[in-house]
Amino acid sequence: MEHTSVLLNETIDALRLRSGMTVVDGTLGGGGHAEAMLARITPGGRLVGIDKDSFALETAKKRLEQYKDSVTYVHGDFKDIKAILFGLGIEGVDGAVLDLGVSSFQLDQCDRGFSYKKDSRLDMRMDTQERTCAADIVAQYPMQDLERILREYGEERWAARIAEFIVRERSVRPIETTGHLVEVIKKAVPKGARREGPHPARRSFQALRIEVNQELDALRQALDGFAGLLNNAARLAVITFHSLEDRIVKQEFRRLENPCDCPREFPVCVCGKRPLGKVVTKKPVLPAAGEVQANSRSRSAKLRVFEAY
């Protein structure tokens with residue numbers, strides 16, 4: 001099944017691709033953005049497709065079969081972009097895309113444990129070769145650490161109560177499935193709060209997924225790495241789906257545009273740090289009303305673009 005890529009046209013147009021370019025899709029997923037990029041850079045171009053999820057790589061290979069001679073597939077983490085490209089003998093790229101968060105493929109795979117709407121084992125690993133899964137965190141983290149990640153990564157108002165209820169429940173029996181965890185969260189969140197807003201487990205599942213996959217630390221590292229590998233006038237397009245990701249991208253793009261850390265009272269810069277490029281999108285690009293209507297996942301999406309000097 002092919003899934004619709006969010007902000008597809010806006011992203012591809014922003015990259016200004018042409019035939020012969022070398023580009024990177026750091027979150028290959030189902031291959032939607034990659035397919036559109038390949039249509040612009042072939043013949044003569046090359047795309048490096050990276051994903052932590054081996055299932056996503058296999059799915060993308062089927063979709064991109066017609067471009068097989070122009071694609072290099074890498075099972076890895078986009079935070080390691082420098083090592084990945086250097087290992088392939090690539091010193092610079094002409095464009096790159098990062099489509100962050102959980103993919104439709106992962107949500108649709110019941111046994112992956114990403115969705116609070118389907119009962120399955122509590123996993124949430126994007127790379128199934130990693131050791132720690134969501135069930136391990138729920139079973140082992142002290143109450144204060146559970147509260148911290150729920151509050152910081154899920155921006156969960158009821159973080160303390162949910163953490164308390166998790167610790168209480170796991171002392172009676174292990175929490176090993178998504179359905180069991182949803183039950184615990186629903187008990188912790190007051191009835192009035194459950195009647196309003198999104199599903200009561202949505203923020204907690206987001207927080208656990210981010211912790212399992214160390215997503216925010218990886219994003220910070222990746223933005224630095226990608227910026228240093230962009231050729232002159234090349235662009236990096238990043239699509240985010242929640243405020244934590246978007247805040248990091250916004251702040252890191254600003255830092256790359258103005259890295260000077262001299263005290264404000266200094267009349268001239270003496271630190272020697274020079275801009276790596278400029279922020280193209282002063283405000284994020286949002287999906288059009290038609291896209292939101294056709295694809296509800298796009299509702300919270302934001303696109304930001306950085307151009308290298």
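Axes here are lines fitted to C-alpha atoms, for helices over the stretch in contact, with angles running from 0 to 180 degrees between N-to-C directions. Helices (H or I, at least four residues) and strands (E, at least two) are DSSP runs, numbered from the N terminus. This is a predicted model, where local features need pLDDT of at least 70, side-chain atom pairs count only at pLDDT 80 or more, and totals for chains, interfaces and linings use all residues. Residues are numbered from 1 along each chain as its sequence is written, and side-chain values use heavy atoms, with hydrogens and water left out.

**Stop 1: a pair of helices**

Select α7 and α11. Two packed helices are described by the angle between their axes and the distance between the axes. The axes of this pair come within 8 Å and cross at roughly 100 degrees. That makes α7 roughly perpendicular to α11 (65 to 115 degrees; under 35 would be roughly parallel, over 145 roughly antiparallel, and the rest oblique).

Now show the side chains where they are in contact (heavy atoms within 4.5 Å). From α7 you get Ile-149, Leu-150, Tyr-153 and Gly-154, and they meet residues of α11 including Arg-203, Gln-206 and Leu-208. Sorted by class, this contact has 6 nonpolar, 3 polar and 2 charged residues. Ala, Val, Leu, Ile, Met, Phe, Trp, Tyr, Cys and Pro count as nonpolar, Asp, Glu, Lys and Arg as charged, and the others, Gly among them, as polar.

**Stop 2: the loops beside them**

Step to Glu-155, in the loop between α7 (143-154) and α8 (159-170). Its phi is near 50 degrees, a positive value in a residue other than glycine. Buried means under 20% relative accessible area, exposed over 50%, and partly exposed in between (1.4 Å probe, protein chains only).

Gln-214 sits in the loop between α11 (202-213) and α12 (215-229). Phi of Gln-214 is also near 50 degrees and positive, and Gln-214 is partly exposed at 38%.

At 1% relative accessibility, Ala-201 counts as buried. Leaving out residues up to four places away in sequence, Ala-201 touches Tyr-116, Val-182 and Ile-185.

**Stop 3: the nonpolar cores**

A nonpolar core is a set of buried Ala, Val, Leu, Ile, Met, Phe, Trp, Tyr and Cys residues joined through side-chain atoms within 4.5 Å. Which members of the largest core touch the most others? Of its 66 residues, they are Val-24, Leu-223, Phe-226, Leu-236 and Phe-253. The largest share of this core, 8 residues, comes from α12. Centre on Phe-226: its partners, not counting residues up to four places away in sequence, include Val-24, Phe-78 and Leu-236.

**Stop 4: α12 and α13**

Colour α12 and find its buried residues, among them Leu-219, Leu-223 and Phe-226. Then move to α13, where Ile-248, Val-249 and Phe-253 are among the buried residues. What covers the buried residues of α13 includes α7, α11, α12, β5 (230-240), β6 (277-279) and β7 (302-308).

**Last stop: a cis bond**

Finish at Pro-43, in the loop between α2 (32-41) and β2 (46-51). The peptide bond from Thr-42 to Pro-43 is cis, with omega near 5 degrees.
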